[in-house]
Amino acid sequence: MSEIQVWEHVIKWGLAQNPELPSDPTSFSKDDFNTLKSTLQQCIPFIRFRNLTSKEFLKKVKPYKKILPKELYDNLLEYFLDNNNDDTPIKKSEPRTVGEIKSKNIDSNIITNQHAELISKWIDKLETTDKSTTSYEFKLLYRDFRVYGSFTGYQNCQKACKNQFRTVTIYKMSDSNEILGGYNPIEWKFDGSYGITNDSFIFSFKNSDVILSRVRNENNAICNGSTVAPSFGNGDLRAINGSIIQCHKKSYEKPIRNTDKRDAIREIEIFQVV
């Protein structure tokens, strides 16, 4: 199946889930686009848009641009405007895999390439001992350090992450070598709501101990609190004001710490997985 066929089937499926929507996107209202966007938000990251021709992008994708994250659409528009291979799809015959980009040295002060490879396996729902033929690129979106007792503010963190999807959040604790984090496949909104997904997980690294905890209550998978940095569950991994961590076992399978006391964060890093 070609990439344009994949896209057309995804759109067809999304419309079938919402039979009240018009079949012609030129007749869509703003609410109609938002409805379709909400339905397809977990499918969009797996479409290899750069395997389309310029004409396919113009005729088939552009009419639905309002269901794509703005940054993604802007990047694709720039790519196709600069693309000299007008009607030559890129690598169309290659098999579809999750995590197509080979690993690079990760730009992190907290985790190593080995950590990134392990997180990549978890995203693909592989076991630790499974062999992975592909891995992801971790694109740094945000980094902050504790300086003189505080960070530059959770508002900056939210600004960097808002509307971003497929993100890995990493927290380094102040008084130990403990690392906490989580993966969110859907968009961050920071509007006081909970994000719904069954593909998120949280984790911890401490010395040689590794804990992975997958979401159990998908309705409370992601916490979009207006005064927190990226947080998960109903307190399972909560970054209060972006400077204090607190963990309770509520929405995920297991606790990732052996204490639920509040501890200070020393450093934050947030990556987009592509």
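Is Phe205 buried or exposed, and what is its relative accessibility? At 4% relative accessibility, Phe205 counts as buried, where buried means under 20% relative accessible area, exposed over 50% and partly exposed in between, with a 1.4 Å probe and protein chains only.

The structure is a predicted model, in which local features need pLDDT of at least 70 and side-chain atom pairs count only at pLDDT 80 or more, while totals for chains, interfaces and linings use all residues. Residues are numbered from 1 along each chain as its sequence is written, and side-chain values use heavy atoms, with hydrogens and water left out.

**Aromatic pairs**

Rings of Phe, Tyr and Trp (its six-membered ring) are paired if their centres lie within 6.5 Å, and planes under 30 degrees apart count as stacked, over 60 as edge-to-face and the rest as tilted. By this rule the count comes to 16 aromatic pairs. One of them joins Tyr79 and Phe80 edge-to-face, at 5.0 Å centre to centre and with 80 degrees between the planes, and both of these residues are buried. The pair of Trp122 and Phe205 is stacked, because the ring centres are 6.0 Å apart and the planes stand at 15 degrees. Trp122 belongs to helix H5 (residues 113-123) and Phe205 to strand S5 (residues 201-206), so this pair ties together parts that are 83 residues apart in sequence; helices (H or I, at least four residues) and strands (E, at least two) are DSSP runs numbered from the N terminus. Trp122 is buried, with a relative accessible area of 3%. Elsewhere, Trp7, Phe28, Phe33, Phe49 and Tyr64 form one aromatic cluster.

Charged side chains also lie over rings, a relation that requires NZ of Lys or CZ of Arg within 6 Å of the ring centre and within 35 degrees of the ring normal. Arg50 lies over the face of Tyr79 at 4.6 Å from the ring centre, and Arg166 over the face of Phe46 at 4.9 Å.

**Helix H2**

In helix H2 (residues 30-40), the residues Asp32, Phe33, Leu36 and Leu40 are buried. Seen down the axis of H2, the buried residues fall within an arc of 100 degrees, so they line one face of the helix; the arc is that of the directions from the helix axis to the C-beta atoms. The face turned away from this buried side carries the exposed residues Lys30 and Asp31.

**Salt bridges**

The structure holds 11 salt bridges, each defined by a side-chain nitrogen of Lys or Arg within 4 Å of a carboxyl oxygen of Asp or Glu.

| Pair | Closest N to O |
|---|---|
| Lys37 and Glu187 | 4.0 Å |
| Asp74 and Lys70 | 2.8 Å |

The salt bridge between Lys37 and Glu187 links distant parts of the chain, with Lys37 in helix H2 and Glu187 in the loop between strand S3 (179-184) and strand S4 (194-195), 150 residues apart. Lys37 counts as partly exposed at 22% relative accessibility, whereas Glu187 counts as buried at 11%. Asp74 and Lys70, being 4 residues apart in helix H4 (residues 70-82), are separated by about one helical turn; Asp74 is partly exposed at 33% relative accessibility, and Lys70 is exposed at 63%. Finally, Glu178, Arg257, Lys261 and Asp263 are linked in a network of salt bridges.
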